[in-house]
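Colleague: Hi! Could you show me the structure and walk me through it?
Modeller: Happy to, here it comes.

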Amino acid sequence: MYNIAYFCSLFATIMGISSAFSCTLSRCRRPVSTAYISNKKLCMSSTSTTSSSSGTNTISSDNNELYQERSDILRANSKLSLAPMMEYTDRHFRHLVRLVSDRTLLYTEMVAANAIAHEREAALPPSSSSSLLDGASAEELSFDPSYLLRFLGQGHNAEGASVLQLGGSDPDQLFLASKTVYEFNQLAQIHQQQSSSNNNNAPIFCDYTALNLNCGCPSPKVAGKGCFGAALMQDATLVQQLTSSMYHGSQGSIPITVKCRIGTDEGYQFTRDQYNARSDEEEYQSLKQFIETVASEGIVTDFQVHARIAVLGKNYSPADNRKVPPLRYYQVRRLAEEFPELNISLNGGVETLSGVKRELDECQELDGIMVGRGWMSNPWAFAMSDELLYTDGQQLADSTRPKNRIEVLQAYGQHADYEEERWDPVKIRRFITKAASQLFSGEPNAKRYRIALDEIAGLPKKLMKEDPKLMEVNLHYQNLYWMQRQNI
Ligand SMILES: Cc1cc2nc3c(=O)[nH]c(=O)nc-3n(C[C@H](O)[C@H](O)[C@H](O)COP(=O)(O)O)c2cc1C
C-alpha cells in the first residue's frame with residue numbers, strides 16, 4: 001500500500017506537477033501592447049488629482065466607498081494572517097496558502113518603494129508624464145507591464161484578502177509607489193474586462209485590500225539606509241508622514257497599515273543579560289507613544305506588532321533578531337486592551353493553528369495573529385483555520401477550496417501552467433516549486449516528494465543546457481502563439 005507522501009510525490013510527478021510544469025522552455029517576458037486594452041475611459045471618478053505627497057487631496061466618493069469595502073474585508077479576515085517574508089511570500093506561495101485557506105490575510109514580501117517608482121518610469125508610455133492611466137486611452141501607445149507585474153502582480157485570479165507591504169522612508173517615493181499600485185489596479189481591471197470578452201488574454205490582478213508600511217524589519221540592508229524598516233520606529237512623526245503619503249498616493253482608496261516591533265534597542269545597549277535594564281513600563285510607554293503618533297491622523301488604524309524589540313546594531317543578523325530578543329506578548333496585549341478602537345495583531349513565535357487559537361482566546365481584545373515561519377514550514381497544518389477561527393467548526397458555505405493535499409497540488413498545477421505561459425520557465429520554475437515544497441511536511445516520505453519536485457524544478461535549465469536548439473524552436477513557436485493570442 002502506498003503511504004500518502006509516496007503516493008502524493010508520485011501523483012505530483014506523474015499527473016499534477018508534470019503536466020503543470022511540462023510546458024514551454026522559452027523566454028516569456030513578452031511585451032504587451034496596450035492596444036489590447038480598449039480605449040474605453042477608465043471608470044475613474046476622482047474629483048481631483050493628487051499632486052504632492054504632503055498636499056491634501058479631495059477623495060472621490062467612489063474611492064471612499066472602495067476604502068470602506070476594503071476596510072471591511074480587512075477587518076473580516078484578520079484573525080489569521082500570513083506574515084510578509086522576503087523570498088517566501090511571493091505570489092506563488094500566496095496562491096498555495098489561498099488554496100489552503102479562504103480567509104487568511106496574505107501579506108506580500110516587502111517591495112521597496114523606490115523599485116516601484118523606478119519601474120513606473122520604465123512602464124510609462126513616452127508621451128505620458130504623469131499617469132499610467134493616460135496611456136490606457138491611446139491605442140497606439142504601448143508599454144510593457146511585466147516589470148510592474150513582477151513586483152505587484154497577484155497571479156491568474158483574484159487573491160482575496162491581501163496586503164502589499166512597502167518599504168521606504170521617503171514620502172515622495174511612497175506617494176509615487178502607492179499611486180502606481182492604484183493606477184496599475186485600474187489598468188488590471190480594464191485588462192480583466194478585455195480578457196472576459198476575449199478569451200485569448202490572460203487577466204492581470206493587482207487588487208490589494210491594504211497597503212502596509214514596513215517598520216519592523218531589522219535587516220542592516222534595510223535598517224541602515226536612510227532610516228528604513230525598524231529604524232523608522234525611532235521617528236514616529238516621519239512614519240505618520242509616510243503613511244499619509246501612501247494614503248494620498250492611493251487616492252484614499254486603500255487602508256494603510258503598519259507592521260512594527262515593540263521597540264528598538266535605541267538608547268540602551270542590548271545584551272541578553274542587560275535587556276531588563278529598561279523597565280517594562282518604559283518600553284511600553286515608548287511603544288504607546290509611537291502608536292499614538294502614527295494613529296493620530298486617523299489614517300492608520302491597523303498595526304501588526306512583532307512582540308520583540310529590534311536590535312539595530314550590526315552584530316545582530318535578521319535571523320538573530322527573530323529569535324534572540326525575548327518575546328513579550330504582554331506588551332502587545334496591553335496595547336490591544338488600551339486601544340480597542342485600533343485593530344492590533346500579534347506576531348512572533350506562534351507556529352501552529354492551536355497556538356493562534358490559544359493567543360486569541362487569551363486576549364479577547366487582540367484582533368488577529370500573524371504567522372510567518374509556521375506557514376512557511378508546514379502550510380497544510382493551517383488547513384482547518386477557516387473552520388476553527390471563523391465558523392465554529394462548520395464548513396464554509398461557499399468554499400470551493402481543495403479538500404486534501406492532492407487536490408491542492410492539482411489546483412496549484414493550474415497556477416503553474418498559467419505562470420509558465422506568461423513567464424520564462426527557466427527563471428521562474430524554481431520559485432513555483434519552492435512554494436509547494438513543504439506541502440507534505442511531517443509526512444514520512446516528504447523528502448522524496450521534495451527531491452521529485454527539485455528535479456522538476458531544474459528541468460528547464462537542464463534541457464536548455466543540453467539542447468539550446470530545442471529552446472530556439474520552442475521560443476519561435478512560443479512567440480507565434482503569444483502573438484496570436486494578442487491578435488498581433
Ligand atoms: C525569511 C523571512 C523573511 C522576512 N521578510 C520580512 C519582510 O519582508 N517584511 C517584514 O515586515 N518582515 C519580514 N520578516 C519577519 C516576519 O514577517 C515575522 O515578523 C517574523 O518572522 C516573526 O514571525 P514568526 O515567528 O511567525 O515567523 C521575515 C521573516 C523571515 C523568516
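Predicted model: local features only at pLDDT ≥ 70, side-chain atom pairs only at ≥ 80, totals over all residues.

Colleague: Okay! And what share of the residues count as buried?
Modeller: Of the 488 residues in the protein chain, 57% count as buried.

Colleague: How many helices and strands are there?
Modeller: The protein chain has 19 helices and eight strands.

Colleague: What about contacts between residues 24 or more positions apart?
Modeller: Such pairs make up 78% of the contacts in the protein chain with a separation of 6 or more.

Colleague: Let's look at one strand. How many residues of β4 are buried?
Modeller: Strand β4 covers residues 210-215, and six of its six residues are buried. Ala-210, Asn-212 and Asn-214 point one way from β4, while Leu-211, Leu-213 and Cys-215 point the other way. Residues on both sides are buried.

Colleague: In which sense do β3 and β4 pair?
Modeller: They pair in the parallel sense, over four bridges. Within that pairing, Leu-164 stands opposite Leu-211 in β4.

Colleague: And how many bridges join β4 to β5?
Modeller: Five bridges join them, and these two strands run parallel. Strand β5 spans residues 256-264. Leu-211 turns up here too, with Ile-256 as its bridge partner in β5.

Colleague: Which residues is Ser-162 in contact with, leaving aside neighbours within four places in sequence?
Modeller: Among them are Leu-105, Leu-106, Gln-154, Asp-207 and Ala-210. Thr-209 is another contact of Ser-162. The C-alpha atoms of Ser-162 and Thr-209 are separated by 5.3 Å, though the two residues are 47 residues apart along the chain.

Colleague: Nice. Switching to the ligand: which residues come nearest?
Modeller: There are 19 residues around the ligand, and the nearest are Pro-84, Gln-165, Asn-347, Gly-349 and Arg-373. By class, that shell has nine nonpolar, seven polar and three charged residues.

Colleague: Which N or O atoms lie by the oxygen atoms of the ligand?
Modeller: The side chain of Lys-259 has an N or O atom 2.9 Å from an oxygen atom of the ligand. For the side chain of His-306, the corresponding distance is 3.4 Å. Gly-349 takes part through a backbone N or O atom, which lies 2.7 Å from an oxygen atom of the ligand.

Colleague: How much of the ligand does the protein bury?
Modeller: Taken alone the ligand exposes 610 Å², and the protein buries 92% of that.

Colleague: Now the loops. What is the phi of Glu-87?
Modeller: Phi of Glu-87 is near 65°, a positive value in a residue other than glycine. Glu-87 lies in the loop between β1 and α3. At 60% relative accessibility, Glu-87 counts as exposed.

Colleague: And Gln-251, buried or exposed?
Modeller: Gln-251 is buried, with a relative accessible area of 7%. Its phi is positive too, near 55°, and Gln-251 sits in the loop between α9 and β5.

Colleague: Last one: what does the side chain of Ser-60 reach?
Modeller: The side chain of Ser-60 reaches the backbone nitrogen of Asn-63 at 3.0 Å. Ser-60 is in the loop between α1 and α2, and Ser-60 is buried, with a relative accessible area of 3%.

Conventions
Residues numbered from 1 in each chain as written. Heavy atoms only, no water. Near = heavy atom within 4 Å. Polar contact = N/O pair within 3.5 Å; in protein donor to acceptor, adjacent residues only side chain to side chain. Areas by Shrake-Rupley, 256 points an atom, 1.4 Å probe, with all protein chains shown as cover. Nonpolar A, V, L, I, M, F, W, Y, C, P; charged D, E, K, R; others polar. Contact = heavy atoms within 4.5 Å. Buried < 20%, exposed > 50% of the residue type's maximum accessible area, 1.4 Å probe, protein only. Pairing = 2+ DSSP bridges.
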